[in-house]
Amino acid sequence: MKLYSYFRSSSSYRVRIALALKGIRYEYVPVDISPAVQAQRAVGYGEIHPLRQVPVLEWHDASGREQRLTQSVAILEYLDERWPTPPLLPHEPLERARIREAVEIVNSGIQPLQNSKTLALLRTVGGTEVEECWRREVIEQGLSALESLARANRGAFFSGDMPLLADLFIVPQLYNARRFGIDLAAFPRLLAIEVAALALDAFRLAQPERQPDAPPVEARPPSEAWPRSKS
Ligand SMILES: N[C@@H](CCC(=O)N[C@@H](CS)C(=O)NCC(=O)O)C(=O)O
């Protein structure tokens, strides 16, 4: 199995956590989507991912046919159905829906509104100030919504004492928010979930700075949050 990934990509981070939680071995295929390189625009990558993004999961099925899956939610649900232990979704329908509710806050309510492509476009049409204001607004609103949902639940994680799909979205999103300099003090429940998650090997192994394409510490610009103390 191969995972096309970029160390700082929060969508790839989600899949890396799931693969580690389920103990699935894979080959890491780095795709440098940084503005300076934009490897996703290379000829041929459109055949790997029609939207030219990461992550992509690739494997050979039982008949030897190459299969590829894009979109982290689809990948995560596929992995969960094929390797059900440990489960990423509860059995009870309303509980499942509540986990997916949190997932969608990140997946459609935060990440696409603050990804590099969206922000670059905003900078071009509105300037840096508009871009920064927009970015702060969508991240803070999304995290506030997640914080209130998480507070309604009990347990070390978003819901209960085992990590579920929602936690695989919360942890990378907090990492992303720090990169953008968002003050996370208003989200104590989310920060507590992050502490519980990062106590687990699977979450730690998936961290951006532990990936093969992460630059060595001395090469990182001072603005980078590597790894920061909990705010
Ligand atoms: N909905 C997609 C989002 C994927 C996505 O936005 N990937 C970003 C990195 S987190 C990317 O590849 N950006 C490069 C680009 O769009 O050019 C998913 O969940 O997989």
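Trainee: Let's start with strand S3: is it mostly covered or open?
Mentor: Mostly covered. Strand S3 takes in residues 56–60, and four of its five residues are buried. Keep in mind that this is a predicted model.

Trainee: Which way does S3 pair with S1, and over how many bridges?
Mentor: S3 and strand S1, residues 2–5, pair in the antiparallel sense over three bridges. Lys-2 has Glu-58 in S3 as its bridge partner, and Tyr-4 stands opposite Val-56.

Trainee: And how many bridges join S3 to S4?
Mentor: Five, and those two strands run antiparallel; S4 covers residues 66–70. To find the pairing by eye, look for Trp-59, whose bridge partner in S4 is Gln-67.

Trainee: What do S3 and S4 form, and which residue in the turn has a positive phi?
Mentor: They form a hairpin with five residues between the strands, and Gly-64 in the turn has a positive phi of about 85 degrees.

Trainee: Back to S1. Is its pairing with S2 parallel or antiparallel?
Mentor: Parallel, over four bridges, with S2 at residues 27–30. Ser-5 has Pro-30 in S2 as its bridge partner. Between the two strands the chain passes through H1, and this β-α-β crossover is right-handed.

Trainee: Since you mention H1, is Arg-16 buried or exposed?
Mentor: Arg-16 belongs to helix H1. Its relative accessibility is 1%, so it counts as buried, the cut-off being under 20%.

Trainee: OK, what does Arg-16 touch, leaving out residues up to four places away in sequence?
Mentor: Quite a list. Among its contacts are Leu-3, Ser-5, Tyr-6, Phe-7, Tyr-26 and Tyr-28, and also Ala-206, Gln-207, Pro-208 and Gln-211. Take Pro-208: it is 192 residues from Arg-16 in sequence, yet the C-alpha atoms are 9.6 Å apart in space.

Trainee: Let me pick a residue in H7. Is Gln-173 buried or exposed?
Mentor: Good pick, as Gln-173 does sit in helix H7. Gln-173 is buried, with a relative accessible area of 1%. Leaving out residues up to four places away in sequence, it touches Ser-10, Val-106, Ile-110, Gln-111, Gln-114 and Leu-143.

Trainee: What about Arg-136, buried or partly exposed?
Mentor: Arg-136, which is in helix H6, is partly exposed, at 37% relative accessible area. Beyond its neighbours within four places in sequence, Arg-136 is in contact with Phe-180, Gly-181 and Ile-182.

Trainee: Why is H8 described as largely enclosed by the rest of the structure?
Mentor: Because eight of its eleven residues, within 188–198, are buried. Those include Arg-189 and Glu-194 along with Leu-190, Leu-191 and Ile-193. H1, H6, H7 and helix H9 are among the elements that cover the buried residues of H8.

Trainee: Where is Arg-52 found?
Mentor: In the loop between H2 and S3. Arg-52 has a positive phi of about 55 degrees although it is not a glycine, and it counts as partly exposed at 30% relative accessibility.

Trainee: And what is phi of Gln-38 near?
Mentor: It is near 50 degrees, a positive value in a residue other than glycine. Gln-38 lies in the loop between S2 and H2 and counts as partly exposed, at 29% relative accessibility.

Key. Residues numbered from 1 in each chain as written. Predicted model: local features only at pLDDT ≥ 70, side-chain atom pairs only at ≥ 80, totals over all residues. Heavy atoms only, no water. Buried < 20%, exposed > 50% of the residue type's maximum accessible area, 1.4 Å probe, protein only. Contact = heavy atoms within 4.5 Å. Pairing = 2+ DSSP bridges. Right-handed = clockwise from strand over helix to strand, strands pointing away.
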